[in-house]
Amino acid sequence: MSAPLLEVSVLRKRFGGVVATDDVTLDVREGEIHALIGPNGAGKTSLIAQLSGSLMPDSGTIRFAGDDVTRLVQHARVARGLARSYQITRLFRSFSALDNLAIAVQARDGSSLRFWRPVARETALVDAARALLDEVGLAARADVPAAALSHGEQRALEVGLALATRPRLLLLDEPMAGTGPEESARMVALIERVRAKTTVLLVEHDVDAVFRLADRVSVLVNGRVIASGEPDAVRNDPEVITAYLGDEVHR
């Protein structure tokens, strides 16, 4: 078996007296959807922040595609193919959906160093942005300002921004947070499409979606991984049931 795409070893982060990640060790294999679940305050977002480079760990190592990236800054990790979305959308709210993605493509390709009007005239850039819009299911919403999109559409657009970097590994931080059943179903379908081109580490509270999507699941409780493995094994793990899933396993 080939080496994992992402390897996390004894990663530790403390904020004063609070241990956010407690010797976290896990791996993500190329081509899989690996889900990270756990209760609120378990340290999931702190872990994602460390993996993406927006937060540096106190100790431990992060290896990506065989290289130690533990101390690399975020933009250097993006350049290597490690991208993330956020719990809270980070969009240019007054710009259209198409314009948001055109800016992301421009940042990736460096196609124009002047800011906005020249960008709109670059056919290849706009074509790439339209292809991304289609991929995330927003082709019909191209000219709608981001602020006027529904919450679920904004979440999909943010996934598009991350995909614009052409990642090898996409870190999705609660992409279904705040969405209703229909929008959640569309996000599940989007993630299923995304897996055809990139590996995914998914942080999500929607347990039904997690167990539908994931090839493997890791459970984080109080900053510590208490179980990791195939979904059925994790779902039936007594420690996981006690610490997190509870009645979810009987639904």
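Buried, in these notes, means under 20% relative accessible area, with exposed over 50% and partly exposed in between (1.4 Å probe, protein chains only). Helices (H or I, at least four residues) and strands (E, at least two) are DSSP runs, numbered from the N terminus.

I am working on a predicted model, where local features need pLDDT of at least 70, side-chain atom pairs count only at pLDDT 80 or more, and totals for chains, interfaces and linings use all residues. Residues are numbered from 1 along each chain as its sequence is written, and side-chain values use heavy atoms, with hydrogens and water left out.

**Entry: helix 3**

I started with burial. Ten of the 13 residues of helix 3 are buried, so the rest of the structure largely encloses it. I listed the buried ones as Ala97, Leu98, Asp99, Asn100, Leu101, Ala102, Ile103, Ala104, Val105 and Gln106.

Then I checked the length. The expected span of a helix is 1.5 Å times one less than its number of residues. For the 13 residues of helix 3 that should give 18 Å, and the end C-alpha atoms are 19 Å apart, which agrees.

I picked out leucine 98, which sits in helix 3. Its relative accessible area is 8%, so leucine 98 is buried. Contact here means heavy atoms within 4.5 Å. Leaving aside neighbours within four places in sequence, leucine 98 is in contact with Val126, Ala129, Arg130, Leu133 and Ala142. I also looked up threonine 70: it is 28 residues from leucine 98 in sequence and 34 Å away in space, C-alpha to C-alpha.

Two packed helices are described by the angle between their axes and the distance between the axes. The axes are lines fitted to C-alpha atoms, for helices over the stretch in contact, and angles run from 0 to 180 degrees between N-to-C directions.

How do helix 3 and helix 5 pack? I get an angle of about 120 degrees, with the axes 8 Å apart. That makes helix 3 oblique to helix 5; angles under 35 degrees count as roughly parallel, over 145 as roughly antiparallel, 65 to 115 as roughly perpendicular and the rest as oblique. Helix 3 passes helix 5 in a right-handed crossing. A crossing is right-handed if the near helix is turned clockwise from the far one by less than a right angle, and left-handed if anticlockwise.

On the helix 3 side, the contact includes Ala97, Leu98 and Leu101; on the helix 5 side, Val126, Ala129 and Leu133 are among the residues. By class I have eleven nonpolar, one polar and two charged residues in this contact. For the classes, Ala, Val, Leu, Ile, Met, Phe, Trp, Tyr, Cys and Pro count as nonpolar, Asp, Glu, Lys and Arg as charged, and the others, Gly among them, as polar.

Helix 5 itself (residues 123-135) reaches 18 Å from first C-alpha to last over its 13 residues, close to the 18 Å expected. I find Leu125, Val126, Ala129, Leu132, Leu133 and Glu135 buried in helix 5. Just after helix 5, glycine 137 takes a positive phi of about 80 degrees.

**Entry: helix 6 and its partners**

Helix 3 (residues 97-109) also packs on helix 6 (residues 151-163), at an angle of about 20 degrees with the axes 9 Å apart. That makes helix 3 roughly parallel to helix 6. The contact is made by Ala97, Asn100, Leu101 and Ala104 of helix 3 and Leu157, Gly160 and Leu161 of helix 6. I count five nonpolar, two polar and no charged residues there.

Helix 6 and helix 7 pack at about 15 degrees, axes 9 Å apart, and are therefore roughly parallel to each other. Their crossing is right-handed. I see His151, Gly152, Glu153, Arg155, Ala156, Val159 and Leu163 in helix 6 meeting Glu183, Met187, Leu190 and Val194 in helix 7. This contact divides into six nonpolar, two polar and three charged residues.

Is glutamate 153 buried or exposed? At 19% relative accessibility, glutamate 153 counts as buried.

**Entry: valine 28**

Last, I went to strand 2 (residues 18-28), where valine 28 lies. Valine 28 is buried at 0% relative accessible area. Leaving aside neighbours within four places in sequence, its contacts include Pro4, Leu6, Leu169 and Val200.
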